[in-house]
Amino acid sequence: MTGRARARSRGRARGQETGPPGVVGLVFIPPPPQQTTSAAPPPSEGELVGRGRQRAAPGPVASEDVLQISAGFHQVKLGERGGRRRDFHDVGINTRQAMEHVKASKTGTSGSTIQLRANFFRIVSRPQWVLYQYHVDFQPPMESRRLRSALLFQHDETLGSARSFDGAILFLPHRLHSKETMLYSETRHGEKVQIKITLTNELPPTSPVCLQFYNIIFRRILRILNMQQIGRNYYSPNDPLSIPQHRLTIWPGFTTTILQYETSIMLSTDVSHKVLRSETVLDFMGNLRHQCGNQRFPEACAKELIGLIVLTKYNNKTYRIDDIAWDHTPNNTFKRGADDVSFTNYYKTQYGLEITDVKQVLLVSHVKRLGPSGAAPPGPAMLIPEFCYLTGLTDKMRSDFNIMKDLAIHTRLSPEQREARLSRFVNNIQKNTEAQAELGTWGLNFDKQLLNLTGRVLPVERIVQGSRSYDYKPWAADWSKEMRGVPLISSPQLESWLIFYTRRNANEAQNLLQTLHRVSSPLGFRMQRPVMVEYEDYQESLLRALQQNVGQQTQMVVVVLPSNRKDKYDSIKKYLCVDCPTPSQCVLSRTLSKPQALMTVATKIALQMACKMGGELWSVEIPLKQLMIVGIDCYHDTVAGKRSIGALVASLNQGMTRWFSKCVLQDRGQEIMDGLKMALIGALKDYHKFNNSLPSRIIIYRDGVGDGMLQSVVNYEVPQIMESIKSIGHDYMPKLTVVVVKKRVSTRFFAHIDGKLSNPPPGTVIDTEVTRPEWYDFYIVSQAVRMGSVSPTHYNVVYDTSGLKPDHMQRLTYKLCHMYYNWQGIIRVPAPCQYAHKLAFLVGQSIHREPNVRLDDYLFYL
């Protein structure tokens with residue numbers, strides 16, 4: 001499963017029954033009931049937490065249940081909202097104030113200025129009055145948030161028309177007569193309900209809680225526009241884009257966030273797409289049974305379905321399939337209150353849906369979050385395959401060129417298309433009278449134009465290769481042509497190596513060998529003739545051939561594979577990375593079958609082989625001396641017991657051309673730095689072995705930090721890193737910088753070039769307007785894209801004792817984006833981050849064990 005799929009995985013929705021504490025086994029829970037039997041209405045007003053998660057019924061506010069929020073302005077108390085919430089925008093983490101050298105200014109100076117537009121809209125007016133925050137408690141407790149809203153809003157004469165309620169917290173622009181107000185309502189079934197409204201806070205316009213309130217109001221605007229919430233974003237099911245030839249449907253939508261940026265509060269919005277498959281899980285299971293037969297069906301079904309995200313269209317919620325309940329069908333019953341209800345009757349009465357196949361098995365989705373304070377976690381949700389639609393793309397689909405090409409037509413928008421879509425979105429809000437009335441009620445108003453700002457384009461770096469140096473075309477961000485025929489900085493002599501091939505691929509193997517000899521000589525990479533080993537086209541034969549031929553003297557193993565079967569690739573990597581540590585290079589015979597591309601392919605393979613053996617390909621000028629750069633990333637291995645894999649890659653020399661790599665596997669729930677502490681100590685010792693001295697400056701780029709995880713990095717990881725450094729020696733105190741790298745951001749920048757809107761050139765830095773005032777952060781657009789809109793990378797310096805000027809920090813970061821040896825061009829992130837990602841991915845996908853220590857000084861995972 002991809003990282004994106006994991007990030008989208010979530011529990012069931014609101015209003016579901018929960019099992020009592022200590023119950024062993026499954027508690028069967030249907031999706032939440034709605035108050036009508038027709039198609040589900042939009043989600044209730046004002047979700048402060050996205051991802052469609054359940055919110056338990058709120059309890060009374062107790063002193064220990066009050067959450068303290070500090071956003072660097074002043075302290076505000078926010079009452080318990082019925083379960084834990086996670087702040088995906090990391091509001092309230094003020095790291096800049098601890099860094100003296102950037103308190104006054106965090107902007108760089110070098111490069112030429114460029115006029116840009118960004119996907120932000122300023123809030124031009126907002127409430128200037130006090131907002132009153134109330135906690136609402138229901139007796140008896142009401143599970144459904146929609147029902148809670150309906151019961152509360154029966155009292156218009158008390159509350160007034162301007163109000164916002166998210167199921168637990170009520171915001172009003174005026175104060176009620178008393179601090180505690182008691183109201184009484186009645187459900188449709190005649191049940192009497194007592195509602196207690198307690199004043200918990202008076203929020204001035206400058207309060208950070210007001211930002212959450214603005215987001216609540218804006219989400220209400222999106223629902224007025226008939227958009228449906230799925231996960232954290234909103235989509236338009238009424239405006240689908242269909243790709244019938246691949247049985248795919250795309251729902252267009254938007255990501256929206258209102259936050260305090262550098263000089264003003266702004267709405268950040270970007271285009272988003274939800275890819276749905278036109279088949280249900282039941283259709284998928286039927287086709288799978290037909291393909292593999294009854295005997296293999298349960299195993300194949302579990303392998304294909306577990307980990308996938310499905311959408312239930314009756315309530316527009318997404319769920320992760322965690323298991324399959326083979327012994328349960330829709331005729332099974334579950335407890336709903338005091339009654340036993342079958343799934344068949346539940347769906348008929350709640351949604352008017354008839355289950356046609358009563359023998360289908362049920363899907364299990366575990367709840368990821370805890371219940372209300374002191375309660376047991378809710379049990380898993382049971383889903384009907386017939387009503388579940390598959391979302392996203394399988395790996396097989398992603399590798400299908402035609403599917404991806406047809407998808408890209410709709411989803412990869414050029415800067416002009418993206419701007420037009422965003423402008424149309426804001427215009428729709430401006431034209432909608434109901435939306436304008438809602439905004440007017442609260443005194444909110446947005447700018448109609450995208451934000452204009454100024455960025456800088458950093459100078460083009462000169463590539464140093466061997467005794468020569470050269471420039472590249474700045475807009476292409478690629479030097480594959482310029483480097484041809486230029487000797488590498490250093491490359492080992494390849495004297496003892498093997499090529500494995502099948503009889504069917506003998507010609508491709510010979511052609512590869514001849515072309516490798518032709519391209520390697522100009523690069524200064526000398527290779528002797530290899531031993532050619534033929535193997536039968538099955539896994540055991542290949543493994544036996546490796547065991548019989550690869551010895552301690554073998555420098556490199558090249559395997560020509562007839563197909564991209566994962567099990568075969570995994571067995572090669574497992575044997576050559578763990579049991580018999582030897583650098584290896586796998587290549588598909590299909591890649592070698594096009595004669596016109598063979599020179600290009602062979603050049604790339606030769607470069608990979610050279611750097612896997614410790615060769616140094618190219619460099620850029622790094623002015624800082626005694627510097628160690630570290631990249632950290634992580635991967636979650638779903639095969640090996642859901643363990644986390646942390647990877648650390650550290651530079652060993654001045655030119656950033658030699659790297660130390662270490663990977664650790666640890667159980668889920670453990671902090672990633674627990675295992676990587678020893679890896680960092682190992683990197684420092686290796687650096688000392690290379691240079692006879694320790695680095696005086698360490699800069700750590702931490703990738704793989706999810707939304708809402710910044711506090712953990714600041715409070716836990718940084719002290720752990722400092723502890724590791726201290727263990728080298730009490731008198732060893734290098735200057736330390738920790739930078740959080742984030743690739744998955746919704747921010748986009750557009751440049752006006754030659755009269756039209758284009759992507760900014762590589763090297764564009766943005767450190768004003770759209771950055772956060774409480775952070776030392778900046779954006780860099782480092783790569784070039786041929787299609788669609790370029791994505792910038794966000795860098796947040798969370799700890800810094802180096803005193804490096806912001807300009808130097810930005811330039812160094814951009815230089816490191818040139819140093820990834822698997823691509824002759826500039827990449828999105830600093831090279832050590834990408835190396836760490838590749839290492840963690842290889843271990844998580846193929847090896848599932850820590851690589852042999854003899855490979856620590858080699859880029860064997862490229």
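How many bridges join S24 to strand S38 (residues 764–766)? The two strands are joined by 2 bridges and run antiparallel.

## Basis of the model

This is a predicted model, in which local features need pLDDT of at least 70, side-chain atom pairs count only at pLDDT 80 or more, and totals for chains, interfaces and linings use all residues. Residues are numbered from 1 along each chain as its sequence is written, and side-chain values use heavy atoms, with hydrogens and water left out.

Strands are DSSP runs of E of at least two residues, and helices are runs of H or I of at least four, numbered from the N terminus. Two strands pair if DSSP finds at least two bridges between them. Strand S24 covers residues 451–457; because 5 of its 7 residues are buried, S24 is largely enclosed by the rest of the structure. Buried means under 20% relative accessible area (1.4 Å probe, protein chains only).

Strand S3 (residues 112–118) runs antiparallel to S24, with 7 bridges between them. Arg117 has Asn452 of S24 as its bridge partner. Towards S38, Val457 is partnered with Thr764.

## Arg96

Arg96 lies in the loop between strand S2 (75–78) and S3, and is buried at a relative accessible area of 12%. Its side chain reaches the backbone oxygen of Val102 at 2.9 Å and that of Pro773 at 3.2 Å. Beyond its neighbours within four places in sequence, the residues in contact with Arg96 (heavy atoms within 4.5 Å) include Glu262, Glu774, Trp775 and Tyr776.

## Pro208

Pro208 belongs to the loop between strand S9 (192–203) and helix H4 (209–224). With 6% relative accessibility, Pro208 is buried. The C-alpha atoms of Pro208 and Gln260 are 8.5 Å apart, although 52 residues separate them along the chain.

Key
Buried means under 20% relative accessible area, exposed over 50%, partly exposed in between (1.4 Å probe, protein chains only). A polar contact is a pair of N or O atoms within 3.5 Å; within protein, one must be able to donate a hydrogen and the other to accept it, and residues adjacent in sequence count only if both atoms are side-chain atoms.
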